[in-house]
Amino acid sequence: MTTKNLLRPLAAATALLSGLLSAPAAMAQDVTTLKVHFFLPATSYAATLFIQPWCDKIARESANRMKCQLYDQARDGVADVVWTLPGYTAGRFPSLEAFELPFMMQNPEATSKALWDYTQKYSQDEFKDIKPLAFHVHGDGVFHMTNKPIKTLADLKGLKLRAPTRMTNKYLAMLGATPVGMPVPQVGDALSKGVIDGAVVPYEVVPSVKIQELVKYHIETDPAEPAFYTSTFVFAMNKARYESLSADLKKVIDANSGQALSGQIGRAFLQADAEGRKLTAKNTTQVIPAAELAAWKAVGTKLADSWVSDMNGKGKPGARMLEDARALIAQHAAKH
């Protein structure tokens with residue numbers, strides 16, 4: 001299978017990431033315009049707290065010789081920069097799944113920095129054909145339920161729940177739910193039509209999908225515990241497009257990518273969670289306590305063991321990868 005065909009369009013954003021893996025460089029111009037694609041509305045927190053500020057910064061630091069053209073939906077043609085979830089293409093980027101295992105993440109800023117460091121060691125082959133600008137995670141995953149609250153593990157049995165990635169879908173199935181994989185833009189319609197009983201997303205997604213109008217209950221897990229799930233994201237540039245830039249414009253991109261940018265995005269998502277949570281005030285919010293989560297963690301450990309075996313089967317050091325992921329998260333968390 002060619003690189004071009006590796007990423008089938010399970011979601012529009014991931015289809016454009018496929019474009020990044022195979023597209024030729026655009027012609028150089030006096031003003032370099034980067035086509036930036038993302039999968040949420042232009043009013044989303046991702047756009048206003050992260051993508052637009054990044055674009056403003058590279059414009060300012062290049063003396064307006066480089067600017068962005070933003071797209072919030074699939075379009076014909078090739079994007080130069082894409083923000084998406086690698087997990088929308090199940091199994092294509094297995095190394096990142098260590099960070100999508102249950103109860104790994106507690107601080108999205110620290111964990112995003114850890115994720116960047118981890119990818120430099122374990123994910124180079126998976127992303128060798130693009131130029132990653134940042135890797136990051138979102139804040140704590142939350143259950144958003146239309147009609148039924150969740151208090152115990154038993155309450156999940158048979159519920160149809162949306163989840164974003166292979167790991168989270170597997171985990172929900174192991175917990176007794178019926179997982180339904182779909183990208184965020186489909187969640188609102190699925191909730192309104194009763195296709196699903198609920199969805200797991202962070203609070204920052206709430207306004208983009210109007211979740212607060214479609215559900216009655218928001219169920220968090222004990223904030224003193226690591227998140228029961230998070231997703232990994234990549235902000236990446238077409239490699240040929242990057243190579244076509246002049247040396248000074250490359251420096252601008254380089255100065256606005258890497259571990260620091262990854263952490264900044266994680267911090268922005270934490271801020272976005274706080275804003276999104278405010279919109280749910282009229283609904284009922286519940287917290288699953290640490291004592292109840294012990295049983296959930298036991299199931300999560302089985303999933304982690306399965307992922308390690310998976311990696312070993314691919315010729316990768318699964319146990320060491322998971323150990324390093326946890327160590328990096330702890331290392332960066334200690335600084336926050």
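This is a predicted model: local features need pLDDT of at least 70, side-chain atom pairs count only at pLDDT 80 or more; totals for chains, interfaces and linings use all residues.
Trainee: What makes Cys 55 and Cys 68 a disulfide?

Mentor: Their sulfur atoms lie 2.3 Å apart, and the cut-off is within 2.5 Å. The pair therefore qualifies as a disulfide. A search of the whole structure finds one disulfide. Cys 55 sits in helix 2 (residues 45–61) and Cys 68 in strand 2 (residues 66–71), 13 residues apart.

Trainee: Why is the disulfide of Cys 55 and Cys 68 called left-handed?

Mentor: The torsion about the S-S bond is about -90 degrees, so the disulfide is left-handed.

Trainee: Is Cys 55 buried or exposed?

Mentor: Buried means under 20% relative accessible area. Cys 55 has 4% relative accessibility, so Cys 55 counts as buried.

Trainee: Why is strand 10 described as largely enclosed by the rest of the structure?

Mentor: Strand 10 covers residues 232–238, and seven of the seven are buried, so the strand is largely enclosed.

Trainee: How do you know that strand 10 pairs with strand 3?

Mentor: Pairing requires at least two bridges. Strand 3 (residues 81–84) and strand 10 have four bridges, in the antiparallel sense, and Trp 83 stands opposite Phe 235 of strand 10. Strand 4 (residues 130–137) also meets the rule, with seven bridges to strand 10, and these two run antiparallel. Here Ile 130 stands opposite Asn 238 of strand 10.

Trainee: What makes Glu 109 and Lys 113 a salt bridge?

Mentor: The N to O distance between their side chains is 3.9 Å, and the limit is within 4 Å. The pair therefore counts as a salt bridge. The two residues are four apart in helix 3 (residues 108–122), which means a separation of about one helical turn. Both Glu 109 and Lys 113 are buried.

Trainee: What does the salt bridge of Arg 267 with Glu 109 tie together?

Mentor: The closest N and O atoms of Arg 267 and Glu 109 are 2.7 Å apart. Arg 267 lies in helix 9 (residues 259–278) and Glu 109 in helix 3, so the pair ties together parts that are 158 residues apart in sequence.

Trainee: Why are helix 10 and helix 11 called oblique to each other?

Mentor: The axes of helix 10 (residues 290–313) and helix 11 (residues 318–333) cross at roughly 125 degrees. Roughly perpendicular ends at 115 and roughly antiparallel begins over 145, so the two helices are oblique. Their axes come within 7 Å. Residues making the contact include Trp 307 and Met 311 of helix 10, and Leu 322 and Arg 326 of helix 11.

Conventions
Residues are numbered from 1 along each chain as its sequence is written. Side-chain values use heavy atoms; hydrogens and water are left out. Buried means under 20% relative accessible area, exposed over 50%, partly exposed in between (1.4 Å probe, protein chains only). Axes are lines fitted to C-alpha atoms, for helices over the stretch in contact, and angles run from 0 to 180 degrees between N-to-C directions. Angles under 35 degrees count as roughly parallel, over 145 as roughly antiparallel, 65 to 115 as roughly perpendicular and the rest as oblique. Contact means heavy atoms within 4.5 Å.
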